[in-house]
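Please describe how the inside of this protein model is packed.

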Amino acid sequence: MKMRLRFALPTFALLAATACASLIGVSTASAQQPAGIQNAWTELANQPASHTAFSFDRTMMQVAQALLESGGMAPERAAAALTGIAVDNYHYSEPAFYTPEAMSAIIASYHAAGWKHLVNANQSPESSAQPRGPITDLWLHNSGPNISGVVVLTRSPRDMSVIQITCDLRPLDLVHLSGHFGIPKVDPNAVMVPAPDGR
């Protein structure tokens with residue numbers, strides 16, 4: 001199962017740079033996923049889903065590191081920059097209703113764990129619960145000036161993907177990875193902004 005998502009390279013670069021700049025000095029802890037988050041993903045929609053998941057093996061990680069090197073990162077830095085990528089895909093037999101209370105609990109969990117939530121400014125609560133097309137939420141965790149964790153949640157009527165990355169990346173390094181290895185492309189019409197405090 002593959003979700004078709006569009007990408008605007010400048011949009012993603014600007015988003016990552018802006019988010020990182022807003023987080024410098026906020027946290028020096030490593031990116032820890034909130035407790036129970038895997039169960040929270042499965043309970044986000046109002047119906048059961050078929051679920052596929054994979055994590056990058058050593059060979060896939062080496063290919064991802066080669067992408068960073070091709071973007072100008074030193075080989076020794078690229079080897080240490082990515083420590084894990086995990087992808088979870090959910091497919092619903094009928095259009096899903098993404099329960100607002102469940103989404104609020106996920107947002108609160110990430111906020112409590114020190115993650116910064118970015119949302120599409122064009123997204124309404126109604127479209128978030130019953131999307132007509134793909135919508136994206138992004139969480140970033142920083143350790144000093146670098147990004148130590150990225151979570152991308154993409155929801156559409158019948159599909160949901162969660163991509164979790166553990167890393168030590170500069171914001172612009174993310175540009176070299178987007179659109180590869182199941183890491184989704186950002187909708188060029190999205191206007192990603194920091195969510196209100198605590199959301």
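The model is predicted: local features need pLDDT of at least 70, side-chain atom pairs count only at pLDDT 80 or more, and totals for chains, interfaces and linings use all residues. Residues are numbered from 1 along each chain as its sequence is written, and side-chain values use heavy atoms, with hydrogens and water left out.

## Cores

Some terms come first. Helices (H or I, at least four residues) and strands (E, at least two) are DSSP runs, numbered from the N terminus. A residue is buried under 20% relative accessible area, exposed over 50%, and partly exposed in between (1.4 Å probe, protein chains only). A nonpolar core is a set of buried Ala, Val, Leu, Ile, Met, Phe, Trp, Tyr and Cys residues joined through side-chain atoms within 4.5 Å.

The largest nonpolar core has 21 residues. Those with the most contacts inside this core are L68, L82, I85, V150, I165, C167 and L169. Two or more of its residues come from each of α3, α4 (75–81), β2 (82–91), β4 (135–143), β5 (146–155) and β6 (159–169). Strand β6 gives the most, with four residues. Another core lies apart from it and has 20 residues, including A31, A45, A96 and W139.

Two pairs of residues show how the chain folds back. M60 sits in helix α3 (residues 58–70). M60 counts as partly exposed because its relative accessibility is 28%. I85 is 25 residues from M60 in sequence, and their C-alpha atoms are 9.4 Å apart in space. H141 is in strand β4. With a relative accessible area of 1%, H141 is buried. H141 and A31 are 110 residues apart along the chain, yet their C-alpha atoms are separated by 5.8 Å.

## Aromatic rings

Rings of Phe, Tyr and Trp (its six-membered ring) pair if their centres lie within 6.5 Å; planes under 30 degrees apart count as stacked, over 60 as edge-to-face and the rest as tilted. The count comes to six aromatic pairs.

Take W41 and W139. Their ring centres are 6.2 Å apart and their planes meet at 65°, so this pair is edge-to-face.

W139 has another partner. Y110 and W139 are stacked, at 4.9 Å centre to centre with 25° between the planes. Y110 is in helix α5 (residues 100–112), and this pair again links distant parts of the chain, 29 residues apart. Y110 counts as buried because its relative accessibility is 0%. W139 is buried too, with a relative accessible area of 0%. Ring pairs join W41, Y110, W115 and W139 into a cluster.

## Salt bridges

Why can charged side chains pair? Side chains of opposite charge can do so when their charged atoms come close. A salt bridge is a side-chain nitrogen of Lys or Arg within 4 Å of a carboxyl oxygen of Asp or Glu. The count here comes to two salt bridges.

| Salt bridge | N to O distance |
|---|---|
| D168 and R77 | 3.7 Å |
| D137 and R155 | 2.6 Å |

D168 lies in strand β6 and R77 in helix α4, so their bridge ties together parts that are 91 residues apart in sequence. D168 is partly exposed at 33% relative accessibility. R77 is partly exposed at 23%.

The other bridge links D137 in strand β4 with R155 in strand β5, 18 residues apart. D137 counts as buried, at 2% relative accessibility. R155 is buried as well, with a relative accessible area of 1%.

## Around R155

R155 also meets a ring. A charge sits over a ring if NZ of Lys or CZ of Arg is within 6 Å of the ring centre and within 35 degrees of the ring normal. R155 lies over the face of Y98, at 5.6 Å from the ring centre.

Which residues does S128 touch, not counting residues up to four places away in sequence? S128 touches Y98, Q123, I135 and R155 (contact means heavy atoms within 4.5 Å). S128 is in helix α6 (residues 125–129). S128 counts as buried because its relative accessibility is 13%.
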